Amino acid sequence: MKLRDTFNGVIEDYNYARPHYPDGLYHDIEKFVGRPLQQCRILEVGGGTGQASDYFVQLGCRLTILEVGEDQVVWLREKYKDFPNVDVVGGYFEEFAAEERFDLIYSATAFHWIPAEVGYKKAYELLKPGGTMAVFWHMSSVTLHVGPVHDGLNGLKRQYMPEVSLGFDEEGLRAAHEKRLAQIQTGGWFPAPEYHEYRWDDRYDAVRYAALLNSYSDTQEYLSEEKRAEYLKAVAGHIERCGGEVEMPQYVRLYLVKK
């Protein structure tokens with residue numbers, strides 16, 4: 001099983017705990033595109049459970065959602081069954097074929113699963129002339145958080161998954177940004193992207209935070225079912241002992257390019 005296929009088994013936790021994206025991000029995409037999104041033919045790469053899809057669906061956009069997980073495809077089709085402009089397609093982007101071309105291709109915390117030299121070239125080919133590619137990521141899950149509650153959570157992660165990084169510090173985040181810029185320009189298909197970032201704070205209770213961790217691919221890959229349950233129980237217990245909530249600094253990065 002590929003790592004990006006692991007989300008099939010955690011759909012409910014994924015939908016319950018994963019954060020959505022700020023409205024400002026969608027407004028910046030629309031501004032960059034240069035016309036109302038409702039007028040665009042749009043492809044989403046990696047729909048998840050619709051954290052980003054919801055915005056476009058509610059606008060009434062003509063949207064094709066591509067998702068690799070078979071169970072997630074079923075889930076998304078049921079979720080959007082009353083929206084005739086939405087088409088949910090199962091499969092990998094590397095194998096996706098379409099005769100039409102798109103005004104906008106976007107991917108929300110998913111395009112890193114696709115080799116850059118393959119993904120950006122294919123996106124370029126699937127875009128209309130002047131079409132937009134928008135890729136964005138939640139960075140909180142790969143950021144090193146510190147503080148009274150997080151220090152204990154980091155200790156539990158180190159105990160149960162010593163082979164997994166605790167996350168990027170500021171220097172690591174800068175390096176990840178530079179890497180992303182280089183990946184987007186791989187092969188010379190796209191120019192240097194326009195960049196935006198968004199920050200805000202969320203608060204998670206013990207149950208939702210444990211569900212969030214369970215939705216991460218690392219938790220699914222490195223822990224057996226028994227060890228995973230033990231880890232998540234320890235996490236929830238630590239949060240309860242620390243007052244019942246943990247503050248989650250949210251951080252999203254958006255990159256925009258035109259064909």
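Me: Why is the pair arginine 41 and glutamate 100 called a salt bridge?

Reply: In this predicted model, the closest N and O atoms of arginine 41 and glutamate 100 are 2.9 Å apart. The cut-off is within 4 Å for a side-chain nitrogen of Lys or Arg and a carboxyl oxygen of Asp or Glu, so the pair counts as a salt bridge.

Me: What makes this a link between distant parts of the chain?

Reply: Arginine 41 sits in strand E1 (residues 41-45), while glutamate 100 is in the loop between strand E3 (86-90) and strand E4 (102-108). The two are 59 residues apart.

Me: Why is arginine 41 called buried?

Reply: Its relative accessible area is 11%, and buried means under 20%, so arginine 41 is buried.

Me: How do you know whether arginine 199 is buried or exposed?

Reply: Happy to show you! Arginine 199 has a relative accessible area of 52%, and exposed means over 50%, so arginine 199 is exposed. Arginine 199 forms a salt bridge with glutamate 197, with the closest N and O atoms 3.4 Å apart. Glutamate 197, at 38%, is partly exposed.

Me: What makes glutamate 230 and lysine 227 a salt bridge, and where do they lie?

Reply: Their closest N and O atoms are 3.6 Å apart, which is within the 4 Å cut-off, so the pair qualifies. Both residues lie in helix H10 (residues 225-241), 3 residues apart, or about one turn of the helix. Glutamate 230 is partly exposed at 36%, and lysine 227 is partly exposed at 39%.

Me: How many salt bridges does this rule give, and which residues are linked in a network?

Reply: The count comes to 10 salt bridges. Arg35, Asp103 and Lys128 are linked in a network of them.

Me: Why is the chain called as compact as a globular protein of its length?

Reply: The chain has 10 helices and 7 strands. Its radius of gyration is 19 Å, close to the 18 Å that the globule rule gives for 259 residues, so the chain is as compact as a globular protein of that length. Buried residues make up 52% of the 259 residues.

Me: What share of the contacts joins residues at least 24 apart?

Reply: Among contacts between residues at least 6 apart in sequence, that share is 76%.

How values were computed
Residues are numbered from 1 along each chain as its sequence is written. This is a predicted model: local features need pLDDT of at least 70, side-chain atom pairs count only at pLDDT 80 or more; totals for chains, interfaces and linings use all residues. Side-chain values use heavy atoms; hydrogens and water are left out. Helices (H or I, at least four residues) and strands (E, at least two) are DSSP runs, numbered from the N terminus. Buried means under 20% relative accessible area, exposed over 50%, partly exposed in between (1.4 Å probe, protein chains only). The radius of gyration is taken over C-alpha atoms; the globule rule is 2.2 Å times the number of residues to the power 0.38. Contact means heavy atoms within 4.5 Å.
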